[in-house]
Amino acid sequence: MSQDGACKLNGYPSENGGAMNTRPLLNRRLDGLGTTIFAEMSALATATGAINLGQGFPDTDGPESVREAAVRALRDGRGNQYPPGPGVPELRQAIADHQHRFYGLSLDPDTEVLVTAGATEAIAATMLALLEPGDEVIAFEPFYDSYAACVAMAGAKRVPLTLRAPSFRPDLDELRSKITPRTRLLLLNTPHNPTGMVLTPDEQSTIAALAVEHDLLVATDEVYEHLVFDGAAHVPIASLPGMRERTVSISSAGKTFSFTGWKVGWTTASPELTSAVRSAKQYLTYVSSGPFQYAVAEALRLPEAYYDGLRADLQAKRDLLSEGLEEAGFGVYRPRGTYFVTTDIRPLGADDGFAFCRSLPERAGVVAIPNAVFYDHREAGAPFVRFAFCKRTDVLEEAVSRLKRLG
């Protein structure tokens, strides 16, 4: 104990006030995770006045009709108290209807749909519910940083399947070779953050066959399901033969409707898997986002024109930013989906993404994210940097103008 009574991070006092216990306060499963790079880079953007193309949140709100639905729910007293644990019935029904409308999946909203505090909680609850200490989880690398934390908190082991430039496609022979008797779960992400890769039907079929052959569970993060470009299509792996009973599908409203602050996510799965995930979820937040759940139920019923317009708008912004980055001297891997463009900084004479991103606000007035934070083996991601294009067109144009100073 320090003189001011504060407990040191590297230990805590014994019961009799004697010598410092040497056991670390931070659970060793979380060792090395620390503060997220998003917090660091967003703080840097604020401190320098730089344009923040780091974190993936839009700088405009979603549809007015959806906002008004949230206001109505608040005024009508719907959701101002604890909502039902699995989510309000209206939203669970809307999620089931959405899965049938877009993918032909028939779900029971009472037993196969669970509402969560965003997709991040859905991932955490799924990992905590389905994994035992020592289990192995195969995940695409680079991976969204919460995957590492959630797998670690469950006591399981991450086994990365590295996606390599320029295509960032999974090597399915390598996937097969990584499956061992300890493999419990495949953690998929398509469309993939941060590379923008979208799994093809053939790739999904091969992955599904491996899951069936080895009796593996699958959790699939599909939050960018409606942000797919160039005529590509998102196909949930749960719709493939043999996958319905072994897959937890995860999505959310934040990316599709530009309300990331509402934190409304969900899982869809068989009754047995849903019950398991709910058992963990109820001890995380219990419930959340009451009035917003009613608004998201209305959002999910928006007409096809909304989804088509969203894709077209983001594809145009992707092209604007990608072309500007190429003109600025970056190597650019144009994504097939998501909010993000991955770039190679080596053509600019750099090879350390962390150093590059920390200096970029002063050099060009723009914030980006080093892809290395998404890798277990950080050297594999060292020369790659991610930029978000879910911003207003005028903001992207100004960012491109600033980035051209690098050349």
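**Exercise 1. Work out the order of the strands in the open sheet of 7 strands.**

Step 1. Going across this open sheet, the order is β4-β10-β9-β8-β7-β5-β6, and the pairing is mixed. Strands here are DSSP runs of E with at least two residues, helices are runs of H or I with at least four, and both are numbered from the N terminus. Two strands pair if DSSP finds at least two bridges between them.

Step 2. Now look at the edges: β4 (113–116) and β6 (157–162) each pair on one side only.

Step 3. From one strand to the next, the twist averages 20°. Axes are lines fitted to C-alpha atoms, for helices over the stretch in contact, and angles run from 0 to 180 degrees between N-to-C directions.

A word on the model: it is predicted, so local features need pLDDT of at least 70 and side-chain atom pairs count only at pLDDT 80 or more, while totals for chains, interfaces and linings use all residues. Residues are numbered from 1 along each chain as its sequence is written, and side-chain values use heavy atoms, with hydrogens and water left out.

**Exercise 2. Find how strand β7 is joined to strand β8, and what lies across them.**

Step 1. Strands of a sheet pair through backbone hydrogen bonds, either parallel or antiparallel.

Step 2. Strands β7 (residues 183–189) and β8 (residues 217–221) run parallel, joined by 5 bridges. Opposite Leu187 you will find Ala219 in β8.

Step 3. Helix α4 (residues 118–130) lies across β4, β7, β8, β9 (247–252) and β10 (265–268), and runs at about 160° to β9.

**Exercise 3. Count the disulfides, and explain the case of Cys357.**

Step 1. A disulfide is a covalent bond between the sulfur atoms of two cysteines. The rule used here asks for a pair of cysteine sulfur atoms within 2.5 Å.

Step 2. By this rule the count is 0. The closest cysteine sulfur to that of Cys357 is in Cys390, 16 Å away, and therefore too far for a bond.

Step 3. Cys357 is buried, at 0% relative accessibility. Cys390 is buried too, with a relative accessible area of 4%.

**Exercise 4. Compare the radius of gyration of the chain with that of a compact globule.**

Step 1. The radius of gyration is taken over C-alpha atoms, and the globule rule is 2.2 Å times the number of residues to the power 0.38.

Step 2. For 407 residues, a compact globule would come near 22 Å; the chain has 22 Å, so the two agree.

Methods: Contact means heavy atoms within 4.5 Å. Buried means under 20% relative accessible area, exposed over 50%, partly exposed in between (1.4 Å probe, protein chains only).
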